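Me: I would like a close look at one part of this model, followed by a connected account of how that part relates to the rest.

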Amino acid sequence: MAKKCAEAESELFQMAMEYLARRDHAEKELRQKLRTKLDKENEQAAQWLDSVIQRLQEMGYQSDERYIEMLVRARTERGYGPQFIRQYLQQYQLDSLLIEEYLDPKDKVWNERALAQLEKKFRQPNQDFKVRQKQQRHLYQRGFSSDNIRWAQARFDEQGFPDHDDLF
């Protein structure tokens, strides 16, 4: 099956609209996908690509800001921390100022999200050193800072240890 190549700017625009109809894309990601659809022999193709991207942005169909917002929300809901999300977004070479606008690692909400991850994964606190290390490693791999981890573990411990009198 032959690869479909764009033979006109309008075809390239239509392909871009199809990609964006499925989901939001970062500008760099959309450029890469569209570049594979360009006819390499056509000297105007690169100009078409720039024109199409600019038109999509002017029309509001492609926005790196909206893309960042969507990804931050989606990854946060999946239980990831700010460091993981930042690294994920940086692979798309997005504006770091825009990323910082949506990801403030000092925001106290990350402490609560780290606590929620502990509760979800481990259900009950444990004083065993190896289990506590496992908890820390889990949160670290999810992209939470050491401050978030310490805070979450302290609250997790406070919530969960029943008094011995409550057991009988």
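Is arginine 123 buried or exposed, and at what relative accessibility?

Reply: The model is a predicted one. In it, arginine 123 has a relative accessibility of 66% and therefore counts as exposed, the cut-off being over 50%. This residue sits in the loop between H7 and helix H8 (129–141).

The largest nonpolar core comprises 22 residues, and Ile68, Leu89, Leu94, Leu103 and Leu139 have the most contacts inside it. At least two residues of this core come from each of helix H4 (64–77), helix H5 (82–90), helix H6 (96–102), helix H7 (109–122) and helix H9 (146–160). H7 provides the largest share, five residues. Leaving aside residues up to four places away in sequence, isoleucine 68 touches Leu89, Leu94, Leu98, Ile99 and Tyr102. Another core, of 15 residues, lies apart from the largest one and includes Leu12, Tyr19, Leu38 and Trp48.

Leu12 and Tyr19 also take part in the packing of H1 against H2. Helix H1 (residues 9–22) and helix H2 (residues 27–35) pack at an angle of about 130 degrees, and their axes are 10 Å apart. The two helices are therefore oblique to each other, and their crossing is right-handed. On the H1 side the contact is made by Leu12, Met15, Ala16, Tyr19 and Leu20, which meet Leu30, Lys33 and Leu34 in H2. By class, these residues are seven nonpolar, no polar and one charged.

H1 also packs against helix H3 (residues 45–59), where the axes come within 10 Å and cross at roughly 50 degrees. H1 and H3 are therefore oblique to each other, and H1 passes H3 in a right-handed crossing. Here Glu9, Leu12, Phe13, Ala16, Met17 and Leu20 in H1 meet Trp48, Leu49, Ser51, Val52, Arg55, Leu56 and Met59 in H3. The contact of H1 with H3 has 10 nonpolar, one polar and two charged residues.

Definitions and conventions:
Residues numbered from 1 in each chain as written. Predicted model: local features only at pLDDT ≥ 70, side-chain atom pairs only at ≥ 80, totals over all residues. Heavy atoms only, no water. Core = buried A, V, L, I, M, F, W, Y, C linked by side-chain atoms within 4.5 Å. Buried < 20%, exposed > 50% of the residue type's maximum accessible area, 1.4 Å probe, protein only. Helix = DSSP H or I, 4+ residues; strand = E, 2+ residues; numbered from the N terminus. Contact = heavy atoms within 4.5 Å. Axes fitted to C-alpha atoms, helices over the stretch in contact; angles between N-to-C directions. Parallel < 35°, antiparallel > 145°, perpendicular 65-115°, else oblique. Left-handed = near helix turned anticlockwise from the far one by under 90°. Nonpolar A, V, L, I, M, F, W, Y, C, P; charged D, E, K, R; others polar.
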